[in-house]
Amino acid sequence: LKSAFDNRGKIGGKNISERPLKVEQRKKLGHWEGDTILGKDKKSAILTLVERVSRFTYIFKLSGRRSDSVKINMINLWKQLPKKLFKSVTFDNGKEFSKHKEIEELTEIEIYFANQGSPHERGSNENTNGLLREYFPKGRDLEGISNTEMTEVLLELNSRPRKCLNYSTPPEVLQLYL
């Protein structure tokens with residue numbers, strides 16, 4: 001028999017196995033991977049979103065209740081981007097993504113979740129988070145980061161040629177598909 005406690009800490013949602021094959025194949029723009037980078041004592045955080053084909057990246061400083069902040073940033077980004085550039089996102093199972101149903105209801109974004117303990121299922125995002133740690137090392141308080149610093153980091157990161165992109169930059173790849 002299943003106990004009522006078996007689902008504690010699980011936020012539900014669609015598993016990555018339900019994600020369409022076209023997302024896995026990286027042939028169409030608009031499918032993202034998302035995660036958070038935690039700051040000192042896990043008191044501050046940055047939301048990271050990486051587009052799977054181009055590796056184009058957005059980062060957002062999270063505030064207050066992280067799940068609310070994730071929801072607000074996701075909805076605001078969805079409103080700004082052309083709809084063909086924001087179709088789905090795959091997250092890990094962090095509690096900060098617990099408002100996924102509300103995000104789906106308010107946008108056209110399909111949200112999927114990687115399997116527990118399988119960061120390789122969001123490999124582009126994990127790799128990008130590693131690159132971002134060059135700017136935001138573990139143990140740094142992320143609360144005090146200015147918008148200017150966030151913008152400078154994003155410009156530098158998105159201007160960086162990537163081996164996986166045949167040494168093109170994310171904006172160059174994005175432009176090829178538009």
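This is a predicted model: local features need pLDDT of at least 70, side-chain atom pairs count only at pLDDT 80 or more; totals for chains, interfaces and linings use all residues.
Trainee: What is noted about the phi of Tyr 167?

Mentor: Its phi is positive, about 65 degrees, although Tyr 167 is not a glycine. Asn 166 also has a positive phi, near 60 degrees, and is likewise a residue other than glycine.

Trainee: How do you know whether Asn 166 is buried or exposed?

Mentor: Use the cut-off of 50% again. Asn 166 has a relative accessible area of 68%, so Asn 166 counts as exposed. Its place is in the loop between H5 and H6.

Trainee: Let's turn to Thr 107. Why is Thr 107 called buried?

Mentor: Buried means under 20%. The relative accessible area of Thr 107 is 8%, so Thr 107 is buried. This residue lies in the loop between helix H3 (100–106) and E6.

Trainee: What makes the approach of Thr 107 to the backbone nitrogen of Ile 109 close enough for a polar contact?

Mentor: A polar atom of the Thr 107 side chain lies 3.1 Å from that nitrogen, and the distance limit is 3.5 Å. The value therefore falls within the limit. Leaving aside neighbours within four places in sequence, Thr 107 is also in contact with Ile 75 and Trp 78.

Trainee: Why is the pair Lys 14 and Glu 110 called a salt bridge?

Mentor: Side chains of opposite charge can pair when their charged atoms come close. The cut-off between nitrogen and oxygen is 4 Å. For Lys 14 and Glu 110 the closest N and O atoms are 3.0 Å apart, so the pair qualifies.

Trainee: Which parts of the chain does the pair of Lys 14 and Glu 110 tie together?

Mentor: Lys 14 lies in strand E1 (residues 14–15) and Glu 110 in strand E6 (residues 110–113), so the pair ties together parts that are 96 residues apart in sequence. Glu 110 has a relative accessible area of 37%, and is partly exposed.

Trainee: How do you know that Glu 134 and Arg 160 form a salt bridge?

Mentor: Their N to O distance is 3.3 Å, and that is within 4 Å, so the pair counts as a salt bridge. Glu 134 lies in the loop between helix H4 (123–132) and helix H5 (147–158), and Arg 160 in the loop between H5 and helix H6 (170–177), so this pair ties together parts that are 26 residues apart in sequence.

Trainee: How many salt bridges does the structure hold?

Mentor: The structure holds 11. Through shared partners, salt bridges join Asp 35, Asp 92, Arg 122 and Glu 126 into one network.

Trainee: Which residue classes make up the lining of the largest pocket?

Mentor: The lining has 5 charged, 3 polar and 2 nonpolar residues. Among them are Asp 35, Arg 66, Asp 92 and Lys 95. Strand E2 gives the largest share, 3 residues, and the pocket holds about 240 Å³ of space.

Methods:
Residues are numbered from 1 along each chain as its sequence is written. Side-chain values use heavy atoms; hydrogens and water are left out. On a 1 Å grid over the protein atoms alone, a cavity is a set of points where a 1.4 Å probe fits but cannot get out, and a pocket is an open set with protein on both sides within 12 Å along at least five of seven lines; lining residues have an atom within 4 Å of a point. Grid points are joined across faces, edges and corners, and a volume is the space filled by probe spheres set on the points. Helices (H or I, at least four residues) and strands (E, at least two) are DSSP runs, numbered from the N terminus. Ala, Val, Leu, Ile, Met, Phe, Trp, Tyr, Cys and Pro count as nonpolar, Asp, Glu, Lys and Arg as charged, and the others, Gly among them, as polar. A salt bridge is a side-chain nitrogen of Lys or Arg within 4 Å of a carboxyl oxygen of Asp or Glu. Buried means under 20% relative accessible area, exposed over 50%, partly exposed in between (1.4 Å probe, protein chains only). A polar contact is a pair of N or O atoms within 3.5 Å; within protein, one must be able to donate a hydrogen and the other to accept it, and residues adjacent in sequence count only if both atoms are side-chain atoms. Contact means heavy atoms within 4.5 Å.
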